[in-house]
Amino acid sequence: MKNFFVHDKALVETKKIGVGSKIWAFTHILPRAKIGKNANICDYCFIENDVLIGDNVTIKCGVYLWDGITVEDNVFIGPGAVFTNDLFPRSKNKQYEQKSTILKKYCSIGANAIILPGIAIGEGAMVGAGAVVTKDVPNFAIVYGNPAVNKGFICICGEKIIFCKKEFECSCKRKYIKENKVIKLFER
């Protein structure tokens, strides 16, 4: 008995799907992809073989995840977000080199954002709708624009982080520290 849901109009070739996950219509998932628990993969998505998707991930409609992409736990990917897999695309390119892209836990990617290959989106970071991400995004950063630029920092709950000193406590009781321009979350 399956402990996950697959819509009858989805083509799911992988057997590695976690408990409680839902895969909706017209989505195609290749055989070696790994899907965590309680993932929600909406209509018209494509997930290639060398893709890892963590627990509690939401992937909205029209998202394609290519080989080399890792999506950690509790990540949100908005509708139509684009992940590229080749810095120098050419047909039949024999010099193609796969770059790894990682979306760290609790980050969010806005609708129609474009993420170039080989990028790390930091823990809890927020990429704005339509942003073009050309370089790594720091933990808890808010980035948007073309190219995407850091415009501040954000808590996992969505409240803006404003440092008056080295530490910040959010109204949700999460605590952050800033050391050498790096933001870290104190585990509760």
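User: Two strands pair if DSSP finds at least two bridges between them, and a strand is a DSSP run of E with at least two residues, numbered from the N terminus. Which residue in β21 stands opposite Val143?

Analyst: This is a predicted model in which local features need pLDDT of at least 70 and side-chain atom pairs count only at pLDDT 80 or more, whereas totals for chains, interfaces and linings use all residues. Residues are numbered from 1 along each chain as its sequence is written, and side-chain values use heavy atoms, with hydrogens and water left out. β20 (residues 141-144) is paired with β21 (residues 149-154) in the antiparallel sense through 3 bridges. Across this pairing, the residue of β21 that stands opposite Val143 is Asn150.

User: Which residue in the turn of the hairpin formed by β20 and β21 has a positive phi?

Analyst: The two strands of this hairpin have 4 residues between them. Pro147 lies in the loop that joins β20 to β21, and a cis peptide bond with omega of about -5 degrees connects Asn146 to Pro147. The positive phi, about 105 degrees, belongs to a glycine in the turn, Gly145.

User: Which residue in β22 stands opposite Phe153?

Analyst: β21 also pairs with β22 (residues 160-161), in an antiparallel arrangement with 2 bridges. These strands form a hairpin with 5 residues between them, and Gly158 in its turn has a positive phi of about 105 degrees. Opposite Phe153, the residue in β22 is Ile161.

User: How many disulfides does the structure hold?

Analyst: A disulfide is a covalent bond between the sulfur atoms of two cysteines, and here it is a pair of cysteine sulfur atoms within 2.5 Å. The cysteine sulfur closest to that of Cys157 is in Cys170, at 3.6 Å, and therefore too far for a bond. For Cys164 the closest cysteine sulfur is likewise in Cys170, but at 13 Å, again too far for a bond. The number of disulfides in the structure is 0.

User: Is Cys164 buried or exposed?

Analyst: Buried means under 20% relative accessible area, exposed over 50%, and partly exposed in between (1.4 Å probe, protein chains only). Cys157, at 41%, is partly exposed. Cys164 has a relative accessibility of 77%, so the class of Cys164 is exposed.

User: In which class of accessibility does Thr27 fall?

Analyst: Thr27 is placed in the loop between β3 (22-23) and β4 (28-29). Beyond residues up to four places away in sequence, Thr27 touches several others (contact means heavy atoms within 4.5 Å), among them Lys9, Leu11, Ile41 and Tyr44. Its relative accessibility is 1%, so Thr27 counts as buried.

User: What is the order of the 3 strands in the open sheet?

Analyst: β23 and β24 (residues 175-179) are paired antiparallel over 3 bridges, with Glu167 opposite Ile177. The antiparallel open sheet has 3 strands, in the order β23-β24-β25.

User: Which strands stand at the edges of that sheet?

Analyst: The order in the open sheet is β23-β24-β25. An edge strand here has a single partner strand, so one side of it is left without a neighbour in the sheet; this applies to β23 (167-169) and β25 (182-186).

User: What is the phi of Lys173?

Analyst: Lys173 lies in the loop between β23 and β24. With a relative accessible area of 54%, Lys173 is exposed. Although Lys173 is not a glycine, its phi is positive, at about 80 degrees.

User: Which residues are linked with Lys166 in a network of salt bridges?

Analyst: Lys166 and Glu179 form a salt bridge at 3.9 Å, N to O. Lys166 lies in the loop between β22 and β23 while Glu179 is in β24, so the pair ties together parts that are 13 residues apart in sequence. Both are partly exposed, Lys166 at 48% and Glu179 at 31%. The residues linked with Lys166 in the network are Glu179 and Lys184.

Conventions: Salt bridge = Lys/Arg side-chain N within 4 Å of Asp/Glu carboxyl O.
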